[in-house]
Amino acid sequence: MWNRIHVTPIKLKRKYMNKAYQQSARLDALTSPVLIAHRGDKTRYPENTLAAFEAAVNAGAEMIELDISLSRDRSMVVIHDDTLERTTNGKGPVNERTLSELKKLDAGSWFDKQFAAERIPTLREVLEMVDRRALVNIEIKKSAFEASAPDDAIEKQLVVLLQEMELTDSVLISSFETRFLERIAALDSALALAAISTETADDSTVKSLQELGIYSWHGWYGILTTEIVKQLHDAGFRVFSFTINERVVFKDLMNMEVDGFFTDDCLLLRGALGNGGVHN
Ligand code: G3P
Ligand code: MG
């Protein structure tokens with residue numbers, strides 16, 4: 001039997017509130033715990049497909065997470081791996097195929113034959129389908145970073161697309177690669193940014209992320225402790241953790257006052273929350 005856990009939104013120290021936080025009214029409105037559908041409802045649907053995202057929205061996810069990289073002809077496509085084998089019937093690197101070639105691939109049968117019609121979506125297609133019904137956490141894959149920063153670099157295309165679609169208030173852009181975050185902050189300071197890490201943040205990293213004005217810090221659950229979460233809260237960041245698929249881990253992280261949870265199964269975590277608390 002689990003103890004009931006009281007859930008309250010965090011209150012940031014005003015001196016640390018950064019520009020992105022103040023400008024992210026939709027994010028700010030999300031009270032903790034925020035449930036984030038990791039690659040959509042990937043428990044029941046093939047990850048990073050329109051079917052998985054639609055299901056996650058219908059399951060009540062406040063935010064959906066997806067991964068983007070570039071096709072050979074420089075379109076932003078939604079797929080986690082750098083290669084096609086695991087989640088499609090294609091082969092080789094994603095960035096060596098044109099969008100038209102990628103669109104011919106079956107992105108669903110690997111999961112279940114009934115999803116054979118699923119295709120690798122473009123970022124625009126996902127954003128159009130979600131249509132503001134949930135916030136979208138767009139993770140830019142580290143491998144898409146280009147030191148030369150060409151005019152059609154992924155981070156530049158992303159900012160242009162979000163501005164054109166008037167969705168700058170409805171997204172949270174994250175990456176393991178902080179140079180993406182630096183570049184995006186310089187392109188549009190209204191966009192909320194998040195650093196992802198599988199390691200704890202030392203003081204100098206925290207300071208540079210504060211200077212960058214990130215909104216949240218996304219950490220692998222295995223490295224989090226109450227002290228680390230407090231340090232990150234004191235720095236002004238919300239703390240979201242990945243990837244939480246077990247109630248017992250969820251409960252531990254709630255006790256640490258983690259603010260949001262990437263999960264493959266929103267329905268499971270929503271069930272764990274019950275009527276306002278974590279219990280059986
Ligand atoms: O953003 C949280 C999580 O998605 C990071 O890891 O490998 O699932 O993209 P990965
Ligand atoms: Mg991801």
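In the predicted model, helices H3 and H5 run roughly parallel to each other, because their axes cross at roughly 25 degrees and angles under 35 degrees fall in that class. The two axes come within 10 Å, and H3 passes H5 in a right-handed crossing. Helix H3 spans residues 50–58, whereas helix H5 spans residues 123–130. On the side of H3 the contact is formed by Leu 50, Phe 53, Glu 54 and Val 57, which meet Glu 125, Val 126, Met 129 and Val 130 of H5. Six nonpolar and two charged residues make up this contact, with no polar residue taking part. In general, residues three or four places apart in an α-helix point the same way, because such a helix has 3.6 residues a turn.

Burial within H3 was examined next. The buried residues of this helix are Leu 50, Ala 51, Ala 52, Phe 53, Ala 55 and Ala 56. The C-alpha atom of Asn 58 is separated by 9.7 Å from that of Ala 134, although the two residues are 76 residues apart along the chain. Just after H3, Gly 60 adopts a positive phi of about 90 degrees.

The crossing of H6 past H7 is right-handed. Glu 155, Lys 156 and Val 159 supply the H6 side of the contact, and Phe 180, Arg 183, Ile 184 and Leu 187 supply the H7 side. By class, the contact comprises four nonpolar and three charged residues, and no polar ones.

The surroundings of ligand 1 were also characterised. Ligand 1 is surrounded by His 38, Glu 65, Asp 67, His 80, Glu 139, Ser 174, Ile 196, His 218, Phe 242 and Phe 262. This shell divides into four polar, three charged and three nonpolar residues.

Phe 242, one of the residues around ligand 1, is joined to Thr 243 by a cis peptide bond with omega of about -20 degrees. Thr 243 lies in the loop between strand S8 (238–242) and helix H10 (247–255). Another cis peptide bond runs from Ser 32 to Pro 33, with omega near 0 degrees. Pro 33 is placed in the loop between helix H2 (25–28) and S1. In general, most peptide bonds are trans, and most residues other than glycine have a negative phi.

Ala 149 is exposed, with 11 other C-beta atoms within 10 Å. Glu 166 has a positive phi of about 55 degrees and is found in the loop between H6 and strand S5 (171–175). Glu 166 is likewise exposed, with 9 other C-beta atoms within 10 Å.

Terms used. Residues are numbered from 1 along each chain as its sequence is written. Chains are lettered from A and ligands numbered from 1 in the order in which they are written. This is a predicted model: local features need pLDDT of at least 70, side-chain atom pairs count only at pLDDT 80 or more; totals for chains, interfaces and linings use all residues. A residue is near a molecule or strand if its C-beta atom, placed from the backbone, lies within 6 Å of it. Ala, Val, Leu, Ile, Met, Phe, Trp, Tyr, Cys and Pro count as nonpolar, Asp, Glu, Lys and Arg as charged, and the others, Gly among them, as polar. A crossing is left-handed if the near helix is turned anticlockwise from the far one by less than a right angle, and right-handed if clockwise. Helices (H or I, at least four residues) and strands (E, at least two) are DSSP runs, numbered from the N terminus. Two residues are in contact if their C-beta atoms, placed from the backbone, lie within 7 Å. Axes are lines fitted to C-alpha atoms, for helices over the stretch in contact, and angles run from 0 to 180 degrees between N-to-C directions. Angles under 35 degrees count as roughly parallel, over 145 as roughly antiparallel, 65 to 115 as roughly perpendicular and the rest as oblique. A residue is buried if 20 or more other C-beta atoms lie within 10 Å of its own, exposed if 12 or fewer, and partly exposed in between; C-beta atoms are placed from the backbone.
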